[in-house]
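Please read the points below with the sequence and the structure side by side. They are meant as a colleague's notes, and each takes up one topic.

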Amino acid sequence: MKLATLKNGTRDGKLVVVSRDLTRCTDASFLVPTLQAALDDWHRIAPHLEALAGSLEAGAVPSTRFHEHDAHSPLPRAYQWADGSAYVNHVELVRKARGAAMPESFWTDPLIYQGGSDTFLAPRDPIPLADEAYGADLEAELAVIVDDVSQGAGIDAAREAIRLIMLVNDVSLRGLIPDELAKGFGFYQSKPASAFSPVAATPDELGEAWDGGKVHLPLTVDLNGKPFGRANAGVDMTFDFPRLIVHAAKTRPLAAGTIIGSGTVSNKLDGAPGRPIDQGGAGYSCIAEMRMIETIEGGAPKTPFLRFGDTVRIEMKDRNGHSIFGAIEQVVHKYEA
């Protein structure tokens with residue numbers, strides 16, 4: 001089934017079930033008011049939501065047109081948002097870009113940071129940027145929402161805890177990252193609010209594209225209406241989602257509703273760094289990677305980071321060309337306090 005949260009003037013919105021083709025939705029708030037409330041009682045509530053989804057597909061319940069612009073992120077706020085770096089190729093490239101060494105352990109032990117989860121942007125909300133000098137960058141990713149996970153959980157338990165899958169734009173302020181990390185205490189100012197796709201889907205909605213740990217489909221990224229990235233999310237993913245969940249739960253339990261991100265989707269090409277789409281490659285899911293390739297080849301980056309007025313679009317389609325989660329589409333706006 002596919003679930004979304006519609007804006008209704010409250011912090012947490014109203015839960016709706018969305019049709020598979022993303023054209024219609026039906027109110028689910030009579031069952032449970034919000035997605036977080038559903039996750040808190042998933043084993044009892046999920047069968048009722050599934051039945052409602054079946055009735056929606058059959059036209060047996062009242063429905064309205066589903067407009068992605070009316071949707072908030074599926075969880076407008078969450079108890080925890082932990083973002084991994086499952087695509088180590090991406091980590092290697094962005095560390096090279098700022099002159100940082102790449103420890104060998106990064107290939108064997110996942111890297112995760114805990115982001116701000118008290119406020120997420122809606123998938124069609126603007127990206128509020130105070131200063132272009134901050135070096136705003138898109139980061140196109142996938143994420144899973146989990147049920148309760150016990151401290152020290154193993155791979156099988158982690159896999160069984162995955163309830164929903166969605167897309168992410170994890171905005172980064174590249175100009176602030178080096179000085180912040182140099183303090184030795186991690187990201188904070190360099191990681192503003194993220195946005196998630198209009199719809200979160202249960203794993204079965206992806207069919208054979210979901211293997212229990214990875215999504216084997218291209219992630220479409222367009223920048224100002226032009227193709228920028230088509231990296232396959234199932235390729236070059238060093239750590240799958242169960243492995244990321246195990247890492248996150250090593251020393252503490254994860255509460256239902258915790259979001260675990262994949263990190264920026266990144267593909268290599270014949271064992272070497274990826275290539276732009278117009279050069280036969282899969283492109284990139286962030287600007288920093290493209291700038292690194294430009295630096296390797298020409299000594300300096302040419303592609304600017306996001307500027308006011310730029311438009312970012314992130315989407316994933318199934319093998320028949322149908323959108324699975326809806327699209328994140330955001331325009332960079334000048335933020336005025």
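1. A nonpolar core is a set of buried Ala, Val, Leu, Ile, Met, Phe, Trp, Tyr and Cys residues joined through side-chain atoms within 4.5 Å, where buried means under 20% relative accessible area, exposed means over 50%, and partly exposed is what lies in between (1.4 Å probe, protein chains only). The largest such core here has 66 residues, and among them Leu 142, Ile 245 and Met 316 touch the most other members. Helix H7 gives the most to this core, with five residues, while a second, separate core of 29 residues includes Leu 3, Val 17, Leu 35 and Leu 164.

2. Before going further, please keep in mind that this is a predicted model, in which local features need pLDDT of at least 70 and side-chain atom pairs count only at pLDDT 80 or more, whereas totals for chains, interfaces and linings use all residues. Residues are numbered from 1 along each chain as its sequence is written, and side-chain values use heavy atoms, with hydrogens and water left out.

3. Helices (H or I, at least four residues) and strands (E, at least two) are DSSP runs, numbered from the N terminus. Helix H7 (residues 287-298) has twelve residues and reaches 16 Å from its first C-alpha to its last, close to the 16 Å expected at 1.5 Å a residue, the expected span being 1.5 Å times one less than the number of residues. The buried residues of H7 are Ile 287, Ala 288, Glu 289, Met 290, Met 292, Ile 293 and Glu 294, and just after the helix Gly 299 takes a positive phi of about 90°.

4. Is strand S10 mostly covered or mostly uncovered? It is mostly covered, since seven of its seven residues are buried: Ala 140, Leu 142, Val 144 and Val 146 point one way, and Glu 141, Ala 143 and Ile 145 the other way. Two strands pair if DSSP finds at least two bridges between them. S10 pairs with strand S11 (residues 162-169) in the antiparallel sense over seven bridges, with Ala 143 opposite Met 166, and S10 also pairs with strand S17 (residues 259-261) in the antiparallel sense over three bridges, with Val 144 opposite Ile 260.

5. Elsewhere, five strands form an open sheet of mixed pairing in the order S8-S19-S18-S15-S16. S8 and strand S16 (226-229) stand at the edges with a single partner strand each, so one side of each is left without a neighbour in the sheet. S8 and strand S19 (residues 328-334) pair in the parallel sense over three bridges, and there the bridge partner of Leu 129 is Lys 334 in S19.

6. The structure holds 15 salt bridges, a salt bridge being a side-chain nitrogen of Lys or Arg within 4 Å of a carboxyl oxygen of Asp or Glu. In one of them, the closest N and O atoms of Arg 124 and Glu 68 are 2.5 Å apart; the pair links distant parts of the chain, 56 residues apart, and both residues are buried.

7. Arg 174 forms a salt bridge with Glu 139, at 3.6 Å between the closest N and O atoms. Arg 174 lies in the loop between strand S12 (172-173) and helix H5 (177-182), and Glu 139 in the loop between strand S9 (136-137) and strand S10 (140-146), so the pair ties together parts that are 35 residues apart in sequence. Both Arg 174 and Glu 139 are buried.
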